[in-house]
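Dear colleague,

Please find the structure below, handed over for your records.

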Amino acid sequence: MASAPQTKAIISTVFIFFLGWQSVFAQVFDAQDLAEIYPKYKVAQLKDRRIKHQDILPLLEKYRSQSAFKVQKVGASVEGRSLNLISTGSGKTQVFLWSQMHGDESTATMAIFDVLAYLSDPINDAKTAQLRQNLSIHFLPMLNPDGAQVFDRRNKLGMDLNRDALRLQAPESQVLKRIRDSLEADFGFNLHDQSRYYNAAFTPKPATISFLATAFNEAKDINDTRKKSMQLIVSMNEVLQSLAPGQVGRYDDTFEPRAFGDNIQKWGTSLVLIESGGYQNDLEKQVIRQLNFVSILAALGAIADESYAQEDYQKYFDIPMNDRKLFDLKIKEVNQKWEDWQGVTDIGIQRFEVDDPAHETFYHRSQITDLGDLSTFYGYEEFDAKGYDLVLGKKYIPQPGDPKIPSISQALEMLKKGYLYWQVAQAPSKSVVEVPIFLVSPQFVVPDQSLYLGKNPNFLLRKNGIITHAIVNGYLIDLSKGTNGFRNALYLR
Ligand SMILES: [Zn+2]
């Protein structure tokens, strides 16, 4: 039992904690509440990362007819796709958010339309009143629609728009500059995606959201404008920590003279750069989209009630740096043999995406991207292979009565018998193979070495003489359990 003074101390600690908690979260919104109601506002038409300009046009139309919103065409891309600004609110603080200046970075575009759905629902009027009174909020979703069309970073001219802030050659860059200037935006949100292989430094956790208060000069000075960016990031970080603990990173703030974020900070807009990275089992970034939704609304709330200004900007530097130490799959300490040599190695595997011609879907083509002692690296998925031998797969030549292509269960049986390659007389119509075994041409020769950088990872794991696991195109398959998480194998000539 605690004595009376101790109890008092505990109570006052709890009380202080509670007050702290109150000031930590923006008063306008509660992160947990936003996360809970999110499904209601998730715009169903935007299904995955490969959204296109034609997917957002009908959504823009919807807001054109609502009196609380103003939708303006503010320019066009190289290929003539419209760039549109959606504005709401009548406050004097100007907030400008744009997304997808890199065409294959669509997470925040999806989230912007979810935020708009929330803002337009009359049921939230009481919550959003302060936003509409104090702020004028302007969204420019999908700044690079030509890139989005082919799910590519760059615009139609092959330019990285984020290196065109000084020359302003691309029409998309000119629009961004013109809107920033015409609004004289007080706050700017530059919304991007980063590689899912970034982790929060010295931890195995992915940097699901990374922030950057961009520098406006080489010296990385902190003036009033940049300080506000930092304070806002501190408040957003607090919100995110409650939803994805330890999964927030800080992007390198080296000054990039050609980038928009850095220049916009220089031009007097407090700029927050948000990078959506990776999250466990969230290849299409739908969880990350929700985190964007929550943190954008929380940030708007913190600007509207100026609670961000209470934050200690120095806490910005407490956010762990981004590090790039993640693999999709890390195999640890497998026994490897080469002629007379024997030893152990770790294997780092990354699954790269190959788009279909229309850039609607993709398949995976994996690679071994590192080998050796990878003890300072992490995997979204890790397998401790201590005591397992690495085994090269064999090629199976179908016999009369065998199917042309095995079923999933037949393929699993073949893997258990040490076969990784199934010969087919003719190349399949597509290079994607849906069963967990490689289809190969009659000319295909099984490689005599299974591990080298850049190689497509395919091998078997054997313990006590029994093959228990297969690595097929970079997916780990537990042969006692089936194809959990497997997406595709490949056809090899
Ligand atoms: Zn980007």
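In what order do the strands of the open sheet of 5 strands run? The order is β16-β17-β19-β23-β18, and the pairing is mixed. Please note that this is a predicted model, in which local features need pLDDT of at least 70, side-chain atom pairs count only at pLDDT 80 or more, and totals for chains, interfaces and linings use all residues. Residues are numbered from 1 along each chain as its sequence is written.

Helices (H or I, at least four residues) and strands (E, at least two) are DSSP runs, numbered from the N terminus. Two strands pair if DSSP finds at least two bridges between them.

At the edges of the sheet stand β16 (394–396) and β18 (432–433), each of which pairs on one side only. The partner of β18 is β23 (residues 489–492), and the two are antiparallel over 2 bridges. Within β23, L490 is the bridge partner of V432.

Two residues deserve a separate remark on their backbone angles. Most residues other than glycine have a negative phi. M142, although not a glycine, has a positive phi of about 60°; M142 sits in the loop between β4 (135–140) and α6 (145–149). L168, also not a glycine, has a positive phi of about 50° and lies in the loop between α6 and α7 (171–183).

Are these residues buried or exposed? A residue counts as buried if 20 or more other C-beta atoms lie within 10 Å of its own, exposed if 12 or fewer, and partly exposed in between, with C-beta atoms placed from the backbone. M142 is buried because 31 other C-beta atoms lie within 10 Å, whereas L168, with 14, is partly exposed.

Yours sincerely
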